[in-house]
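Let's walk through this protein together, one piece at a time. Keep the picture open while you read.

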Amino acid sequence: MDGYIDDGLGCDARDGGAADVLDVEDWPIWTKEVSTFEWTYDSTEVCYILEGEAIVTPQDGEPVTLRAQDLVNFSAGLHCTWQVVEPITKHYLLKPDNAPG
């Protein structure tokens, strides 16, 4: 992925070297096999995709493809459908709703 996405749908993606600054290697790891499922984010989540590919489609929004080295921000309250097209592994960090940036 090149550049930065802010589609107003609560799902922003791009790396741009921020992963090193955020020390993502210290965050927990989540993995998921090829599948499709719905998800609602109860809190803001930042994640860094290590491997795999998924298409995340916000409710009433356009799909966003996530791949290795993408840094992604999911806003609290976002309801979306995940379509994992290649087994995916990501570091993730849950942020309190009142946390800055």
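Start with pLDDT, which is the predictor's confidence in each residue, on a scale from 0 to 100. You need it here since this is a predicted model, in which local features need a pLDDT of at least 70, side-chain atom pairs count only at 80 or more, and totals for chains, interfaces and linings use all residues. Residues are numbered from 1 along each chain as its sequence is written, and side-chain values use heavy atoms, leaving out hydrogens and water.

So how does the chain do? Its average pLDDT is 83, and 78% of the residues score at least 70. Helices (H or I, at least four residues) and strands (E, at least two) are DSSP runs, numbered from the N terminus. Among these elements, strand β3 (residues 29-32) has the highest mean pLDDT, 98, while strand β1 (residues 5-6) has the lowest, 41. Over residues 1-9 the pLDDT is below 50, yet beyond near neighbours in sequence this stretch has 24 contacts in the model (a contact means heavy atoms within 4.5 Å). Where pLDDT is low, the predicted coordinates should not be read in detail.

Now trace the chain from its start. Among contacts between residues at least 6 apart in sequence, 72% join residues at least 24 apart. Of the 101 residues, 38% count as buried, meaning under 20% relative accessible area with a 1.4 Å probe, protein chains only; over 50% is exposed, and in between is partly exposed.

Next, look for the largest pocket. On a 1 Å grid over the protein atoms alone, a pocket is an open set of points where a 1.4 Å probe fits, with protein on both sides within 12 Å along at least five of seven lines; its lining residues have an atom within 4 Å of a point. Which residues line it? Among them are Trp 30, Phe 37, Trp 82 and Lys 90. Strands β4 (35-40) and β8 (79-95) each supply at least two lining residues, and β8 gives the largest share, four.

Finally, find Pro 96, in the segment after β8. Is Pro 96 buried or exposed? Pro 96 counts as exposed because its relative accessibility is 52%. Pro 96 and Asp 42 are 54 residues apart in sequence, and their C-alpha atoms are 9.6 Å apart in space. Asp 42 is also one of the residues lining the largest pocket.
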